[in-house]
Amino acid sequence: MALLEIEDLRVRFDTRDGVVKAVDGVSLTLDRGRTLGIVGESGSGKSVTALTVMGLTRLPNATVEGRVLLDGVDLLRLPGDDLRRIRGKRVAIVFQDPLSSLHPLYRVGKQIVEAIQAHEDISERAARARALEALREVGIPSPEDRLASYPHELSGGMRQRVMIAMALVLDPEILIADEPTTALDVTVQAQVLELIAELQREHGTAVVLITHDLGVIAETADEVDVMYAGRIVERGSLRSVLDGPEHPYTWGLLQSLPGATRGRRLHPIAGSPPSLIAVPAGCPFHPRCPYAFSPCSEVVPPLVESEPGHANACHLPAATKREIGLGLRTGRAAA
Amino acid sequence: MATRPATDPPVPRVAPARDGGPPLTAPGALAAAASSSLLRYVLRRILWGAFILLIVTALTFVIFYAFPSADPAALRAGRSATPQLIAEIRQSLGLDKPLYVQYWRFLKGLVLHFDLGYSYQNQTSVRSELFARLPATISLTAGAFVVWMLVAIPVGIVSAVRRRSLVDRAVMGGALVAISAPVYWLGLLALFLFSNDIGVVPLLPGAGSYTPFTVDPWRWFTSLLLPWFVLAAAFAAFYARMVRGNVLEVLGEDYIRTARAKGLPERDVVFRHALRSALTPIVTIAGLDIGILLGGAILTETVFNIPGVGRYAYDSIVNADLPAIQGTVLFGAVFIVTANIVVDVLYAFLDPRVRY
C-alpha cells in the first residue's frame, strides 16, 4: 500500500465572487522514501492540495470531498484532535516564505521546542537539545546562538533552514515542501534543495515537492504530476515526463524553461491561468493551447495512460503527442 | 472620556530583515550594545518629552496671559473691583512686566518648585489642590482600566474566534451601542437605576459618595463601582472591537498556519501565537489611554461628583480660574507625555523587531 494516497480530491471555496474550484478531482500516490514533484502555475491547485493533506483547509467556507489516505487512514474524516497528532509528527510542511511563516515575536529555539512538545511529553531541556541537533543537521552555523535568535535576525536561507529543521525534528514520514525556494535568493535555492534531498536520503522521508519551476523538479523528483486549473494533466516518472512530455501544457512549461532550451528563444505560454471560479468548459487549457481542436472546448479529457506509468489528459492523437514531445527532447538535446 | 487620543499610537519602526547571514558579534557583546542603545533611546525620548512639555507651557501661558480675552488681573480682582484695585493686583502679580519676563518667572517657579501658582478662587496652591485630588483620579482610572480590559480581551477573542456567529454579532452590536453612549448619559442612567439615593434599584452609593481608600477601603470600592463601569463601558467596547480585529488579522498570518501545521492544539494557536501578536499593539494604546485618563476623567468625575483632577478642571473652567486651568492642562500633559515614553519603551521590549 502506498504511504499517501489521494483519491478524487475536490476542494471548493465559497467566496463573495463565487465558488472557487481550487482542486477538481485530483488522485495521486506517494510511496515511502520517494519524491513526488507537483508542477504548475500559481492557481493550479497544487498548494491547496498540500494544505488539504495537512487538514489546513478545514475552513467554514470550504468543501472538501474525496479521500486522503495516510497508511490507509482517511485524514479528511479524522476528528480534529487526531488530525492534530499527525500534523508535524507524521506529515510536516515547509512553506514558501520563511519570514512570514515563523512567528516574529518568538525565538527560533522556542518555536522548534514547541513543535516537539506538541507531540512528545519531554522536558524543555531535552526538547532544546533536540532543537539544537536539528539546527546543526540543517547546516546552520553556531546553532547554539541561533536558538536564541529571532527570525528577523536571520538571512532568508537560514530562515528556510530553520523551517526545515522544525519540520524534520520529529522525523515525519512525509515532508511537503510548498515552493520552498521561491522566496529565496537564486544562490541559496540550490543549497536548500540539496539539503532537502540529503535529509531525505538520511531519514528515508517521502517528499512532496511543490513548485512552478520544472527545473527544480528535474533536480530531485522521482515522479512528476503536472497540474493545471485544479486537475492533473500529465503524470509519470521524471524521465518519461521530461523526455517524452505528452501534454501541450507540459510542452509549454518546458519551452518556457531557460535551461531546457539553452541558446534558443524562450516561449512563454500565451495567456494566463483561468479563473477557478469560471473554469473553461472541456479541457481547461484549451483557450491557451495552440493545438486545440473541436472536442477540446466541449469534452473534458480524462487522464489516460499512454504507456505504463505515464498518463496525460489530452484529446490529441497519441502519435501526434509522441511526435511533438520527442521533438522537444531532440530540441533540447541539440542545444 | 471616551475620545481617542489626539496623538497617534506609536508606529513601531520595524527593522528590515538583514540578509547578510547571522550577526558576527558574540551574543554577550550584542546584548551589552543593545542595552546601552536602549538607554540612549530612553534618554532621547525623555528629552523630547521635556521639549514637548516646554511647548505646552508656552502655549498655555500665551493663551491665558497674553490674549486680551482674559485679563488675569481683572479676573483675580473679582466682579466689583475698582480700576485701582485691578492696577494694584496687576503690579503685585508682575502682570505689568513684559511678557517674556512673566513667562520666565512662571517657568522658573514651575521647574524649580513645581509651582503652579494660586487659585483665583480661594488662594490655595494649585499644586497642592492637584496632588490632593490625584488619588481619586488614580482610583477611578485604575479600576476602570481593570474592568475594561477584563471585559474587552475575552469578548474580543471569543468574537474573533467565533466570527459571524450569533455571539459575535450580538456582542459587537452591543459594543457599538456602548461606544456611542456618552458618559454623561450613561452615568446619569446608572445613577437613576442603581444609586442608593435616587436609583430604581438602590444597590450602590451614588454621586458624591467617594471615600478615600485610606479612610474606608470597602466604601472606596463600592462608591467607585458605578463610575468604574460607566467609564469603562466605552473603553471596553472600543478595546473589544480592537482585540477582535487584531486577533482576526493575526489568525490570517502565515505563522499561524505554521503553528497549526506543527500540530499545536488550537488553544495554543490562539492564546500563545495569535494573542501574543494581537495584544502587543493594544498595550501601547492602553498605556496612552491611561495617561490621558490620569490627566482627569472630566465627564465621569463630574457626573459622579468625584473630587479628582477632572472635577477640578471642570470647576476651574466654570470659575474661569486661570492658574487652576493651566495647572490641570500641564498636569494632563505630563501624564500623556510620560505615558508616551513608557509605551515606546515597553514596545521595544514586547517586539524584538523594533529598532531604537
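I take helix axes as lines fitted to C-alpha atoms over the stretch in contact, with angles from 0 to 180 degrees between N-to-C directions. Helices (H or I, at least four residues) and strands (E, at least two) are DSSP runs, numbered from the N terminus.

**Setting up.** I note that this is a predicted model, where local features need pLDDT of at least 70, side-chain atom pairs count only at pLDDT 80 or more, and totals for chains, interfaces and linings use all residues. Residues are numbered from 1 along each chain as its sequence is written, and chains are lettered from A and ligands numbered from 1 in the order in which they are written.

**Helix pair in chain B.** I looked up helix H5 (residues 126-161) of chain B and helix H8 (residues 217-251) of chain B: their axes come within 5 Å and cross at roughly 35°. H5(B) passes H8(B) in a right-handed crossing (the near helix is turned clockwise from the far one by less than a right angle). By class, I find 26 nonpolar, four polar and one charged residues in this contact of H5(B) with H8(B). Ala, Val, Leu, Ile, Met, Phe, Trp, Tyr, Cys and Pro count as nonpolar, Asp, Glu, Lys and Arg as charged, and the others, Gly among them, as polar.

**Chain B as a whole.** I list 13 helices and zero strands for chain B. Of its 356 residues, 36% count as buried (20 or more other C-beta atoms within 10 Å of the residue's own, with C-beta atoms placed from the backbone). Two residues are in contact if their C-beta atoms, placed from the backbone, lie within 7 Å. Among contacts in chain B between residues at least 6 apart in sequence, 69% join residues at least 24 apart.

**Where chain B meets chain A.** I find 33 residues of chain A and 25 residues of chain B in the contact. On the side of chain B, helix H9 (254-261) and helix H10 (266-294) are the elements that give two or more residues. H9(B) gives the most, with six residues. By class, this side of chain B has 10 nonpolar, six polar and nine charged residues.

**Strands in chain A.** Strands pair here if DSSP finds at least two bridges between them. Strand E1 (residues 4-15) and strand E4 (residues 62-70) of chain A run antiparallel, joined by eight bridges. E4(A) is also joined to strand E5 (residues 73-74) of chain A, antiparallel, by two bridges. I followed Leu69(A): its bridge partners include Glu5(A) and, in E5(A), Asp74(A). The hairpin of E4(A) and E5(A) has two residues between the strands, and Asp71(A) takes a positive phi near 50° there.

Technical notes:
Buried ≥ 20, exposed ≤ 12 C-beta atoms within 10 Å, placed from the backbone.
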